[in-house]
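Let's take a walk through this fold together. Have the sequence and the 3D view open side by side.

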Amino acid sequence: MKETLEKIWNEYLLDKCGVMDTEEERSLTRRLAELHEKAKALLNEAQEEAVEQFVDALHDNEALFAKKAFFKGCEFAISFLLEAGNFGE
């Protein structure tokens, strides 16, 4: 089952969930870009590199937890449905 969830995550959900389709998402993305530019203007090259590495690690961490939450949610849904199917027995 884990292989199937990996395939769903990699081939479908990651592409579909990465699309900005609401004004809230676009607004937050614009704000992030503005804040990024402000921060870059305040930092020297070494500081900017350190912050970029931190942000990259933070993104990797968040992506890992999002994937884990997706897998755990699917596992819960499947076990719930199986249990609900056996409810009358």
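What percentage of the 89 residues in the chain is buried? Buried residues come to 7%, where buried means under 20% relative accessible area, exposed over 50% and partly exposed in between, with a 1.4 Å probe and protein chains only. Keep in mind that this is a predicted model, where local features need pLDDT of at least 70, side-chain atom pairs count only at pLDDT 80 or more, and totals for chains, interfaces and linings use all residues. Residues are numbered from 1 along each chain as its sequence is written, and side-chain values use heavy atoms, leaving out hydrogens and water.

Now for the layout. The chain has 3 helices and 0 strands (DSSP runs, H or I of at least four residues for helices and E of at least two for strands, numbered from the N terminus). Its radius of gyration is 19 Å, well over the 12 Å that the globule rule gives for 89 residues, so the chain is more spread out than a compact globule. That radius is taken over C-alpha atoms, and the rule is 2.2 Å times the number of residues to the power 0.38. Along the principal axes, the C-alpha atoms fill a box of roughly 65 × 30 × 20 Å.

So what sits inside? The largest nonpolar core has 6 residues: Leu5, Trp9, Leu13, Phe70, Phe71 and Cys74. Both α1 (2–17) and α3 (45–85) supply at least two residues of this core. Such a core is a set of buried Ala, Val, Leu, Ile, Met, Phe, Trp, Tyr and Cys residues joined through side-chain atoms within 4.5 Å. Zoom in on Leu5: neighbours within four places in sequence aside, Leu5 is in contact (heavy atoms within 4.5 Å) with Phe70, Phe71 and Cys74.
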